[in-house]
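Hi there,

Here is the structure I promised to pass on to you. Have a look at it first, and then read on for what I found.

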Amino acid sequence: MMEKRPPILQDFLDQLYDALQSSPGLPEAGRCIDRVFTALVDYRGPGQNTPGRLPACAHLAPALDNARLSHRALADSFAALEPHLTWTKRAQSHPTASANFVDGHANALIVGPGAYEGRDDVWVGVSLLAPHVRYPDHNHGPEETYLALSEGKFQHGEEDWYAPGIGGKFYNTPNIRHAMASGDKPFFAIWCLPVGERPPVTLPKFKQFDNVRYRGPTWLSYDLRAGDGGAILEVYGDGYYEVQFDYPGGLTNKTVDAFPEEQLEKLSG
Ligand SMILES: [Fe+2]
């Protein structure tokens, strides 16, 4: 017997679906959205996240006020849900990001690993940027559809920057490099990814790590799990390794330990 999805989340998902359907058509995005919402018919239970905000969340209220002008029901349903969410940020900047990026952004995973609804097969989340922030280039295995709820622009592959406008969509094919940026107002967008039952790992897989533990700030909203795949970037020689993993906001580097020696030989081979 499956418990029911909390109404506060179901209402947000219903409003998101309506907004995506009434957004100007993009056939590939339509199929992506169908995959997401077909999977979301089933509720998978709470993800045991610990709600928390970041300093960049100061930009949320003006962003939602702006979105309410055209998307009142969706913005209100997100505002009601938001106290249950865990806001996170990428720990490092990236050469393609603006200098104000790290403290000028916040992401929240709503549905996904360790999110408010915990599951691996679908990710739904939001990104918030302060004014004049450029998010770093990133890519991931699952295809992805963004719903823009603010002014702002998106870029992917070799194409020019594109401003879908409030209520417009932006679709990313699997693994395409992409980014987004705010103008002189806060940027707010909702994203959804149909991951499938086994999340694909796009990085070269040197091995499957068992018992991976990571050190440093636990700014991710979920823990890496035994069996998560990553790529070793650097061997520090003192028992620690920098490993790059996939996560919904792009790629992240973690310092990990607990690699048995015999596994390390396979890694370097
Ligand atoms: Fe993305």
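This is a predicted model: local features need pLDDT of at least 70, side-chain atom pairs count only at pLDDT 80 or more; totals for chains, interfaces and linings use all residues.

The buried residues of α3 are covered by, among others, α4 (72-81), β4 and β9 (187-194). The residues in question are L60, A63, L64 and A67. Looking down the axis of α3, you will see these buried residues fall within an arc of 95°, so they line one face of the helix.

α2 can be read in a similar way. This helix has 13 residues and spans 19 Å from its first C-alpha to its last, close to the 18 Å expected at 1.5 Å a residue. Its buried residues are A29, C32, I33, R35 and V36. Around the axis they cover an arc of only 155°, which puts them on the same side of α2. What do the buried residues of α2 pack against? Their partners are α1 (7-22), β4, β5, β7 (169-172) and β9. On the other side of the helix, P27, D34 and T38 are exposed.

Q48 lies in the loop between α2 (27-39) and α3 (60-68), and its phi is near 60°, a positive value in a residue other than glycine. Is Q48 buried or exposed? It counts as exposed, because it has 10 C-beta neighbours inside 10 Å. H132 sits in the loop between β4 (122-129) and β5 (144-148), and its phi is likewise positive, near 60°, although the residue is not glycine. With 14 C-beta neighbours inside 10 Å, H132 counts as partly exposed.

Finally, a word on confidence. The protein averages a pLDDT of 81, and 71% of the residues score at least 70. Over residues 199-227, however, the pLDDT is below 50, and this stretch has 63 contacts in the model beyond near neighbours in sequence. Residues 257-269 also stay under 50, with 14 contacts beyond four places in sequence.

Happy exploring, and do write back with any questions!

Notes
Residues are numbered from 1 along each chain as its sequence is written. pLDDT is the predictor's confidence in each residue, from 0 to 100. Two residues are in contact if their C-beta atoms, placed from the backbone, lie within 7 Å. Helices (H or I, at least four residues) and strands (E, at least two) are DSSP runs, numbered from the N terminus. A residue is buried if 20 or more other C-beta atoms lie within 10 Å of its own, exposed if 12 or fewer, and partly exposed in between; C-beta atoms are placed from the backbone. The arc is that of the directions from the helix axis to the C-beta atoms. The expected span of a helix is 1.5 Å times one less than its number of residues.
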